[in-house]
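Colleague: Could you take me through the sheet and the packing in this one?
Modeller: Gladly, ask away.

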Amino acid sequence: MTDSYVIGVDFGTDSVRALVVNAQTGETAGTHVHEYARWKQGLYCNPATSQFRQHPLDYLEGLEATITGALANVSEDVRKGVVGISIDTTGSTPGPVDETGLPLALRPDFAENPNGMFILWKDHTANAEAEEINNLAHHWDTDYTKYVGGIYSSEWFWAKMLRTLRVDEAVREHAFSWVEHCDWVSAVLTGNTNPLTLRRSRCAAGHKALWHSEFDGLPSTEFLTKLDPLLGGMRERLFADTFTSDLPMGKLSAEWADKLGLPTVVVVGVGAFDAHMGAIGAEIEPYAFVRIIGTSTCDILMAPNEEIGHRLIRGICGQVDGSVAPGMLGLEAGQSAFGDVYAWFARLITGPVRELLGNEAADNLSKQLIPHLSAQAAKLPVTKNDLIALDWINGRRTPDANHTLKAAISGLNLGTDAPMVFKALVEATAFGSRSIVERFIEEGVPIKKVIAIGGVAKKSPFVMQTLADVLNKPIQVASADQACALGAAMCAAVAAGVHPTMEAAQKAMGSGFDAEYHPRAEQAATYETLYQKYLKLGEFVENK
């Protein structure tokens, strides 16, 4: 039998990557990474106000560059053997579109307007709107937040839409509908971006847009209009049905087939979020806790509906039938900052160097800084009197979303040095992880194994060992360098009919694990005490 090939495309926060994979063996045939040009310049963003926007041109340029780059050196047989493409993206990253599905920022009159762009997952400008959604939902006949942990987040679809409509009259006038990044890019490949007919991701809609079959889809028009009359009529301009990622979005359009050098028979799968497809790539199984560890974390669990479906898990990012694999309940949690905590500390140190000694000196220091701090921090003992830090530097995603919270460090003195602070920050991210694990267990969801993927998991043994000690659980690290793109490729293989199920695709295309961290008994015991201090500090900061 002739081998078939699939392409997984993974849109991250800073870059997009494509992976060409043999659908029978999982072997990589080609790969390419593209950094977003405008994002890299810091355009359209204001970290001081938590505004983070991305231009759709960055997405379009990255889509073409990565797929053509990944195919550049493959044989003609491989190119002809491509049968499917699937895409994952960050989320919730929605953007306003016109009647044709064109993002407003692609129109000349909105080209430089951040409100006409995609609103990145970590944009927290809609904190007030999220609070309004929660207040109304908790007093409505139907609590539309019941399947998203009981708390709606400013990182999500409705809050971002409402905030933008309130602050920008031009967007109010020209935005016919709103589309998630993963849905729009997938639709672009098919040539049908009509917001009324393109297939919407079950993953994105269920976890971020309050879609559920119990509600006949999205929240009612009455609820949305009561929230704000600006949302009147919006439900009808969005969607009622959603689709899982084993299904096709459509076929590759003639325009994109020509751009990519592929035939129009290539199936484009329904998109999803990076964490959920990453969990597929990490060979998730029932009750495995998959941590996608990068600038932030997304944590994905999967469980049989008949065992967990009757439970409502408090304070997580949602429980959605089929958001990971069809027929299974997908549960999502995570932290708003993980690697971003370390990056902030690095900027704190390198910033004055850049101002005083110039870019070259700062860049050289930046390359060496985190590895150096990790090596020094690893030498420090773990004691019950260590510094305690909170990981809420970008608010708290779970458990119990609250993006108005701030981080803190306790226990500083004149003897505190940079490695000590760095160690406390790493421990803070691990303590935040543990609070998520504890919540699942409290809610009756067992965790039978822990799997890690992402840049931090692959590159930082110190962080991973600390995490294993704090969780007091072994952690397997997936060997795939690009597990999210690999998971997208697995989804493409199922959507294109190469494999009948996600499980079959995982078995054929999975790459296994190349590292495992085991908790150290002495450190794990000490972290029990430090974790309790973390909880007390968090309680103080949250209620001060």
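Colleague: Which residue stands opposite Val-450 in E18?
Modeller: Phe-289 stands opposite Val-450, where strand E12 (288-293) runs parallel to strand E18 (449-453) and 5 bridges join them. This is a predicted model, with local features needing pLDDT of at least 70 and side-chain atom pairs pLDDT 80 or more, while totals for chains, interfaces and linings use all residues. Residues are numbered from 1 along each chain as its sequence is written, and side-chain values use heavy atoms, leaving out hydrogens and water.

Colleague: What order do the strands of the open sheet have?
Modeller: The 7 strands follow the order E14-E15-E13-E12-E18-E19-E20, with mixed pairing (two strands pair if DSSP finds at least two bridges between them; strands are DSSP E runs of at least two residues, helices H or I runs of at least four, numbered from the N terminus). Strand E14 (319-321) and strand E20 (513-517) each have a single partner strand, so one side of each lacks a neighbour in the sheet.

Colleague: Switching to the core, which residues touch the most other members?
Modeller: In the largest nonpolar core, of 59 residues, they include Phe-289, Leu-331 and Phe-440; such a core is a set of buried Ala, Val, Leu, Ile, Met, Phe, Trp, Tyr and Cys residues joined through side-chain atoms within 4.5 Å, with buried meaning under 20% relative accessible area for a 1.4 Å probe, protein chains only. Helix H15 (418-442) gives the largest share, 11 residues.

Colleague: And what is Phe-440 in contact with?
Modeller: Beyond its neighbours within four places in sequence, Phe-440 is in contact (heavy atoms within 4.5 Å) with residues including Phe-289, Leu-331 and Ile-447.

Methods
Buried means under 20% relative accessible area, exposed over 50%, partly exposed in between (1.4 Å probe, protein chains only).
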